[in-house]
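Subject: Structure for you to look at

Hello,

Here is the structure I promised to hand over. Please open it first, then read my notes beside it.

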Amino acid sequence: MPVTPERVRRIESEESLFEFLSEELGWPLENPPATYDFYADELGLSSTAAGQIGRVAQIANFELGQPFGIFLVKFNDQVNRTALRSVLRGLSESRRDRDASLPAWSAPNLIFLCTANYRDFTVARFTGETHSHAVLSVFGWEQQGEGLRTLCEFNLEALKYPANPADASAWLKQWASAFDVEKVGDNFYREYKAIFDQVEPLIGGISGDKSLFVQRLFNRLMFLQFLSKKRWLRFGGRTDYLQALWQGRDPNSNFYSAHLIPLFFAGLNNPQSRDLSRSNPSLAARIGEVPYLNGGLFEKAETDEQGETVADEVFAKILGLFSHYNFTVHESTPLDVEVAVDPEMLGKVFEKLMTGRKRMGAYYTPRSIVTFMCRESLKGFLARTPSDTKHETIPEERLARLIDFGDDTAVSLAEAKRLLATLVKLKVVDPACGSGAYLLGMMQELFLLTRLLDTRSKNDQARDDYDRKLTIIQNNLYGVDLDEFAINVAMLRLWLSLIVDYRESDRDALPPLPNLEFKIERGDSLTAPD
């Protein structure tokens, strides 16, 4: 029998977690299950990691020759991936360097069941030969969150006890498939495209490019779906905003005209939106509590002025799709992958939808290639920066340690200050930016690098992560593309990259998003005037 969302939501304690694993996934656990605790000093955890982790316990093996070691990791506040890497390091084969009698595992043979409060859960697996460069793949859920259907049908289904546990190779392959983000992305794209094609004929009142209106509508709704993961949008006390808005709609009115038009243009694009309950209670009743976003995404476009009509059937389809998948505002990196719909997937979906772009020489570039090319470009640029001693260039080997491995000791304090001053002058232009893969890749590399250099140089004016990203977007990045669809997605991804660093408690202090229309422009880089 398939796992159901209702059954997942009943997990609220260690006892009910083990009951779920036994009854729903078929794991042959003892009652109560045998567990073996590992302590901070035994794992070699730093004081910081030890303060974040409450308990690390191995669940006793089910079978001889079992390919996985399964660990329960309880965090004190929230699941911290850096601390989890410390646990991996403590369990890896390097433990035998300290004591040959200690049990140890290779990274791909470990499964971590993580929680802080038995309301939010993360299931994690590492792959890679060494713990220092292991790729962390995770999926998870919130008890009251959305996206549980895909979790149940895909992730948890793959973690069921294997039909033949004696076949360790097949067992390893089956459980590893639970962390296959590409499969989730392919499934999401197929459903997205099917609904996109169904929606376009249901739009009326538009004389121009109907597909552009549909894409803008999808972009706005997807942005709000991502934003709701930050719990900044509320309707009827609920933070699953779009679902709450849809379920609480006025059944005698059209959803688009009664709720979404006021939301887009009188709420999210209104500097006074934070005080709607007092200044405009009737509007607040229709759209709930929303922040002022600005940024251009919710400014009226030409098609928003044509009296367009959108049937409620459209939103039943779109919001039904969104509710099936887990969304995350965290973009995956080469060493940190979340098995969910993340902002990078917007680029993949866009490129697949715009099949005609391939005839124009445009393809989606995988993240690993983007990261490599951005890092190599930065090394080449910074190699011309004088060092702090003889005013010679910084050796390539030290730049590689800094940029590829995040080793801030590769440069001196004075060199760090010179590199920061050099990066301020850097201008990065992608003349055919598409959906923004290289712009996002370079922003991420500059973000990590400047944060390292700020720390190394003991910068007196330390910036928080939001300000650091905003500075990079405003000072360093420029993009052009011939396709208006493309620049819409590129801007959307840059906005999402900014909001990821704001916590739920920062909702009322959220500054308006920057207007990117002069940074990401529509144009022809080949035939336009020089």
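Strand E10 and strand E11 (residues 477–481) pair in the parallel sense, over three bridges. Two strands count as paired if DSSP finds at least two bridges between them. Helices (H or I, at least four residues) and strands (E, at least two) are DSSP runs, numbered from the N terminus. Within this pair, valine 429 stands opposite tyrosine 478 in E11.

A word on the source: this is a predicted model, where local features need pLDDT of at least 70, side-chain atom pairs count only at pLDDT 80 or more, and totals for chains, interfaces and linings use all residues. Residues are numbered from 1 along each chain as its sequence is written, and side-chain values use heavy atoms, with hydrogens and water left out.

**The sheet and its helices**

E10 and E11 belong to an open sheet of three strands, in the order E10-E11-E12. The pairing is parallel. Why is one side of E10 and of E12 left without a neighbour in the sheet? Strand E10 (428–430) and strand E12 (520–522) stand at the edges, and each has a single partner strand. From one strand to the next, the twist averages 15°.

Two helices lie across these strands. Helix H20 (residues 437–456) lies across E10, E11 and E12. H20 runs at about 175° to E11. Helix H22 (residues 484–499) lies across E11 and E12, at about 170° to E12. Angles run from 0 to 180 degrees between N-to-C directions, and the axes are lines fitted to C-alpha atoms, for helices over the stretch in contact. Contact means heavy atoms within 4.5 Å.

**The whole chain**

The chain has 22 helices and 12 strands. Of its 530 residues, 52% count as buried. Buried means under 20% relative accessible area, exposed means over 50%, and partly exposed is in between (1.4 Å probe, protein chains only). Take the contacts between residues at least 6 apart in sequence: 68% of them join residues at least 24 apart. The chain exposes about 23,700 Å², and carbon and sulfur atoms supply 50% of that. Accessible areas come from the Shrake-Rupley method with a 1.4 Å probe; for residues, only the protein chains shown count as cover.

**Salt bridges**

Side chains of opposite charge can pair when their charged atoms come close. A search of the whole structure finds 24 salt bridges. Each is a side-chain nitrogen of Lys or Arg within 4 Å of a carboxyl oxygen of Asp or Glu.

Start with arginine 7. It forms a salt bridge with glutamate 19, and the closest N and O atoms are 3.5 Å apart. Arginine 7 lies in helix H1 (residues 5–8) and glutamate 19 in helix H2, so the pair ties together parts 12 residues apart in sequence. Arginine 7 also meets glutamate 23 in a salt bridge (3.6 Å, N to O). Glutamate 23 lies in H2 too, so this pair ties together parts 16 residues apart in sequence.

Glutamate 19 is partly exposed, at 39%. Glutamate 23 is exposed, at 53%.

Now look at helix H9 (residues 181–199). Lysine 193 and aspartate 197 both lie there, four residues apart, about one turn of the helix. They form a salt bridge, with the closest N and O atoms 2.9 Å apart. Lysine 193 is partly exposed, at 29% relative accessible area. Aspartate 197 is also partly exposed, at 40%. Elsewhere, salt bridges that share partners join Arg7, Glu19, Glu23 and Glu24 into one network.

**Backbone details**

A cis peptide bond joins asparagine 31 and proline 32, with omega about 0°. Proline 32 is found in the loop between helix H2 (14–23) and strand E1 (35–38).

Which residue other than glycine has a phi near 60°? Tyrosine 118 does, and that value is positive. Tyrosine 118 lies in the loop between strand E4 (110–115) and strand E5 (120–127). At 9% relative accessibility, tyrosine 118 counts as buried.

Arginine 231 has a positive phi of about 65°, although it is not a glycine. Its loop runs between helix H10 (210–228) and helix H11 (241–247). Arginine 231 counts as partly exposed, at 25% relative accessibility.

Best wishes
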